[in-house]
Amino acid sequence: MERYFSVTFRIANSIRTKHYKTEQSAMRGIGKWLVKHQDECDINASFFSDTQGHLSFDAPFEASPLSDSVDFYKSKAWLKLRLEALERYGRRCVSCGASVQTGVVLHVDHIKPRSRYPELALDINNLQILCEACNLGKMASMEQDWR
Ligand SMILES: [Zn+2]
């Protein structure tokens with residue numbers, strides 16, 4: 001019996017289902033899709049597997065080496081704050097000026113890292129917008145405030 005993993009992608013009222021042969025390829029597919037559609041306001045990808053159960057995603061994965069728990073980045077409070085930060089600071093990298101239009105992935109970054117300042121995790125004043133390249137570059141010089 002062949003197993004497959006199906007993912008339902010939804011943008012507003014339009015729904016599309018795709019099948020993947022492995023869980024890894026499904027997760028990769030979801031990751032790419034979320035990045036591609038990150039500017040749409042009402043998106044959701046849902047996925048079911050017997051090992052992970054039901055997983056629902058509505059924002060690009062925040063893959064940061066500083067993040068010790070994935071759950072924080074899936075929390076409603078964070079997703080809401082993330083959108084507020086993008087509205088307030090603009091959808092472009094505060095360091096190099098790259099925007100989604102120029103094809104970069106934007107990260108909402110904690111200036112003071114969550115690992116050492118958990119009390120500032122949901123403080124909008126501790127957030128800045130960085131592109132992936134600048135965010136990775138930041139790791140070398142921790143806690144830099146680019147503003
Ligand atoms: Zn940048």
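**Ground rules.** I'm working on a predicted model, where local features need pLDDT of at least 70, side-chain atom pairs count only at pLDDT 80 or more, and totals for chains, interfaces and linings use all residues. Residues are numbered from 1 along each chain as its sequence is written, and side-chain values use heavy atoms, with hydrogens and water left out.

**Fold.** I counted three helices and six strands in the chain. Those are DSSP runs numbered from the N terminus: H or I of at least four residues for helices, E of at least two for strands. Reading along the sequence, I get β-β-α-β-β-α-β-β-α. Of the 147 residues, 40% are buried (under 20% relative accessible area; exposed is over 50%, partly exposed in between, with a 1.4 Å probe and protein chains only).

**Zinc site.** I looked up which protein atoms hold the zinc ion as donors: the SG atoms of C93, C96, C131 and C134, at 2.3 to 2.4 Å. Donors here are N, O and S atoms within 2.8 Å of the metal (3.2 Å for Na, K and Ca), and as water is not among the atoms, sites may look incomplete. Along the chain the donors are spaced C-x2-C-x34-C-x2-C. C93, in the loop between α2 (76-89) and β5 (106-110), and C131, in strand β6 (residues 127-131), link distant parts of the chain, 38 residues apart. I find both C93 and C131 buried.

Next I checked the geometry: angles among the four donor atoms run from 103 to 114°, so the site is tetrahedral (four donors, all angles between 85 and 135 degrees). For reference, the ideal angle for four tetrahedral donors is 109.5 degrees.

**Largest pocket.** I get about 370 Å³ of space in the largest pocket. A pocket is an open set of points on a 1 Å grid over the protein atoms alone, where a 1.4 Å probe fits, with protein on both sides within 12 Å along at least five of seven lines; lining residues have an atom within 4 Å of a point. Of the 19 lining residues, E40, C41, D58, A59 and L83 are the closest to the centre. Helix α2 gives the largest share, six residues. Domain 1 (5-57) and domain 2 (71-138) each supply at least three lining residues; the bounds come from an automatic or database domain assignment.

**Backbone angle.** A12 has phi near 50°, positive although the residue is not glycine. Most residues other than glycine have a negative phi. I placed A12 in the loop between β1 (5-11) and β2 (14-20). At 36% relative accessibility, A12 counts as partly exposed.

Terms used:
Tetrahedral: all angles 85-135°; square planar, octahedral: opposite > 155°, others 65-115°. Points joined across faces, edges and corners; volume = space filled by probe spheres on them.
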